[in-house]
Amino acid sequence: MSASLKRLNTLGIEAQSEQLINVTNIDQLRNIFLGQGAHPRPFLILGSGSNLVLSQDFPGTVLHIRIKGIEIVSEDTDTVTLSISAGEIWDQLVGDCVDKGYYGLENLSGIPGTVGAAPVQNIGAYGVELEQLLVSVDCMEIATGAIQTFHHKECKFGYRDSVFKGEVAGRYVITNVKLMLSKNQDNSTSLNYKGLETEFEKRGLTDPDPSTVRQVIEEIRQSKLPDPSVLSNAGSFFKNPVISEQNYIQLLEKHPEIVSFNLGEGKIKLAASWMIEKAGWKGFREGDAGVFERHALIIVNHGCATSHDILSLAQQIQNSVFDQFGVVLEIEPVVV
Ligand code: EPU
């Protein structure tokens, strides 16, 4: 029986799947993969659908991963290692950890989505990327139902990138993530992201504790980013492009005010939002597809935009940024 996926993707795109199953435990998942219950293939693995563009109806079974559980695997006086099931909600985990005195995740406050989805795009914000805290990822192989562990190095993390988006995409389902956090409040929180520093200064905070950092970040995000339950979106729609220092110098001649970040080793990251805004797209709307009025990197669905509306707007933005800056913008969410 077909099922609507509109409520299962935060961009609010209407698409159908042949079947939809809520997965609440590992044995259920293995049985599905081993062919019990005759569920049409292929499988689409879904957490909160917050980093997803459904470009068409899905001709198979959608598995909505809702496996819950958090356990302490090991701890000493300074650190704790947690094993977290894929269906836990990311931001609830961050809040629980800060409350319990496990630090390091606070800069990643307010990111929508589940724990299982977090390693796929190596979520990052305000100077911290998930990979800095991640020990390993457990996955179930779809072909065999066997559990396999990917240690940090095997995850091949990059900027909004991992092996799960690349060479093993579609072969595994993430079931569990292990993170190592600090029990020591000092030095565990990253405070030197530019926008964050300015915000602390404005509030007269010199050495904010992790729960204050979480609170400030929640407020920054609420002021800049649309809440998907109010205005449908999938977060940043494009990656911030990384170019060579040589190309950057040429670009700077034409656009001396371009916003960038020096990554070192001859690499410069450009603020895609700045270029999109300069190209005139901020607040643009055509039908129900638009660019958020307070942040140019977010494509929003005002109600009934189709994937075609969203992707053709994205294409127009990509073309115009390329024409103006000679820079290629890559789509950040997963397009299925
Ligand atoms: N800016 C503009 N116009 C805008 C918005 C921003 O010119 O409309 C400029 C400002 O100069 C600002 C700079 O761009 O200083 C960077 O903006 P911001 O700090 O908001 O970060 P971002 O590069 O646009 C990235 C992540 C976000 C993450 C923020 C904060 C990517 C693709 N996006 O956005 O992640 O929350 O940094 O760390 O790397 C996501 O991945 O879905 C996401 C929301």
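Student: Which residues do ring pairs link into a cluster here?
Tutor: Phe150, Phe164 and Tyr172. Rings of Phe, Tyr and Trp (its six-membered ring) pair if their centres lie within 6.5 Å; planes under 30 degrees apart are stacked, over 60 edge-to-face, and the rest tilted. Bear in mind that this is a predicted model, where local features need pLDDT of at least 70 and side-chain atom pairs pLDDT 80 or more, while totals for chains, interfaces and linings use all residues. Numbering runs from 1 along each chain as its sequence is written, and side-chain values use heavy atoms, without hydrogens and water.

Student: OK, how many aromatic pairs are there in the whole structure?
Tutor: A search turns up seven. One of them is tyrosine 126 with tyrosine 193, edge-to-face at 5.3 Å centre to centre and 80 degrees between the planes.

Student: Where do those two tyrosines sit in the chain?
Tutor: Tyrosine 126 is in the loop between strand E8 (124-125) and strand E9 (128-129), and tyrosine 193 is in the loop between strand E12 (172-182) and helix H3 (194-202), 67 residues apart. Helices (H or I, at least four residues) and strands (E, at least two) are DSSP runs, numbered from the N terminus.

Student: Is tyrosine 126 buried or exposed?
Tutor: Buried, because its relative accessibility is 11%. The cut-offs are under 20% for buried, over 50% for exposed and partly exposed in between (1.4 Å probe, protein chains only). Tyrosine 193, at 39%, is partly exposed.

Student: New topic: what lies over the face of tyrosine 159?
Tutor: Lysine 269, at 3.6 Å from the ring centre. A charge sits over a ring if NZ of Lys or CZ of Arg is within 6 Å of the ring centre and within 35 degrees of the ring normal.
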